[in-house]
Amino acid sequence: MNPRFVADVMVGKLARWLRILGLDVLYNNRFEDAEFLRIAREEDRLVLTRDVELHDLAQPGSILIERDDFKKQVQQVVRKCGIRQFALLSRCAECNTPLTAADKESIFSRIPPYVYLTHDRFAYCSRCDRIYWEGTHTDSMHERTEAWIREILDSPGDGHNPMEGL
């Protein structure tokens with residue numbers, strides 16, 4: 001089972017991309033340090049931060065994010081936590097809620113007519129009321145993200161297939 005995270009204001013883009021990979025990441029740019037640490041402790045979440053003081057306060061359950069580049073940040077978290085399975089696009093990228101299947105007819109009035117006519121599978125975020133569907137943008141996103149995951153996880157002689165579970 002993958003770890004769960006809470007990300008501070010300094011790593012918002014990292015939080016979003018970890019969600020896209022299907023990881024459970026709480027993020028709110030209004031969390032004060034005390035609330036942030038309480039949530040981490042009460043919900044058994046690892047802290048993701050670039051703030052050295054916050055990192056020290058959250059020990060041992062914290063990862064100090066070392067780089068500015070979000071791809072390097074994702075790489076650091078995935079490697080540090082030994083994450084090997086991902087569920088791409090299974091969570092709302094905005095609010096972290098797991099997506100649920102949506103009946104095409106029930107969302108008819110909320111999607112563009114062309115999308116209604118050309119797609120059959122939809123997902124719904126019950127918290128922020130967003131509707132998702134897999135279009136050409138998600139095909140290319142899957143391809144890019146899967147290649148990126150391979151790049152992150154590949155190590156000489158590993159022999160493990162990082163794409164299992166995708």
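Here are some exercises with worked solutions on the structure shown above.

The model is predicted: local features need pLDDT of at least 70, side-chain atom pairs count only at pLDDT 80 or more, and totals for chains, interfaces and linings use all residues. Residues are numbered from 1 along each chain as its sequence is written, and side-chain values use heavy atoms, with hydrogens and water left out.

**Exercise 1: The whole chain**

Task: Find how many helices and strands the chain has, and in what pattern they follow each other.

Solution: 
- Step 1. Start with the terms: helices (H or I, at least four residues) and strands (E, at least two) are DSSP runs, numbered from the N terminus.
- Step 2. The chain holds 6 helices and 7 strands.
- Step 3. Along the sequence, they follow the pattern β-α-β-α-β-α-β-α-β-α-β-β-α.
- Step 4. For the dimensions, the C-alpha trace spans about 55 × 45 × 25 Å along its principal axes.
- Step 5. Of the 166 residues in the chain, 42% are buried. Buried means under 20% relative accessible area, exposed over 50%, and partly exposed in between (1.4 Å probe, protein chains only).
- Step 6. Now take contacts, meaning heavy atoms within 4.5 Å. Among those between residues at least 6 apart in sequence, 50% join residues at least 24 apart.

**Exercise 2: The surroundings of D24**

Task: Locate D24 and work out which side chains its own side chain meets in polar contacts.

Solution: 
- Step 1. Look in the loop between α1 (12-20) and β2 (25-27), where D24 lies.
- Step 2. D24 has a relative accessible area of 12%, so it counts as buried.
- Step 3. Recall that a polar contact is a pair of N or O atoms within 3.5 Å; within protein, one must be able to donate a hydrogen and the other to accept it, and residues adjacent in sequence count only if both atoms are side-chain atoms.
- Step 4. One partner of the D24 side chain is the side chain of R45, at 2.9 Å. Another is the side chain of N96, at 2.7 Å.
- Step 5. Leaving aside residues up to four places away in sequence, D24 touches R4, F5, R45, R91 and N96.

**Exercise 3: K104 and a backbone oxygen**

Task: Decide whether K104 is buried or exposed, and find which backbone oxygen its side chain reaches.

Solution: 
- Step 1. K104 sits in the loop between β5 and α5 (113-118).
- Step 2. Its relative accessibility is 16%, so K104 counts as buried.
- Step 3. The K104 side chain reaches the backbone oxygen of Y116 at 2.8 Å.
- Step 4. Not counting residues up to four places away in sequence, K104 touches Y116, H119, D120 and F122.

**Exercise 4: How α1 meets α4**

Task: Describe how the axes of α1 and α4 are arranged, and which residues meet.

Solution: 
- Step 1. Axes are lines fitted to C-alpha atoms, for helices over the stretch in contact, and angles run from 0 to 180 degrees between N-to-C directions.
- Step 2. The axes of α1 and helix α4 (residues 70-81) come within 9 Å and cross at roughly 60°.
- Step 3. Angles under 35 degrees count as roughly parallel, over 145 as roughly antiparallel, 65 to 115 as roughly perpendicular and the rest as oblique. α1 and α4 are therefore oblique to each other.
- Step 4. Their crossing is right-handed. A crossing is left-handed if the near helix is turned anticlockwise from the far one by less than a right angle, and right-handed if clockwise.
- Step 5. On the α1 side are K13, L14, W17 and L18, which meet F70, Q73, V74 and V77 in α4.

**Exercise 5: Backbone details**

Solution: 
- Step 1. P60 belongs to the loop between α3 (52-57) and β4 (62-64).
- Step 2. L89 is in the loop between α4 and β5 (100-102), and is partly exposed at a relative accessible area of 26%.
- Step 3. D129 lies in the loop between β6 (122-124) and β7 (131-133), and counts as partly exposed at 38% relative accessibility.
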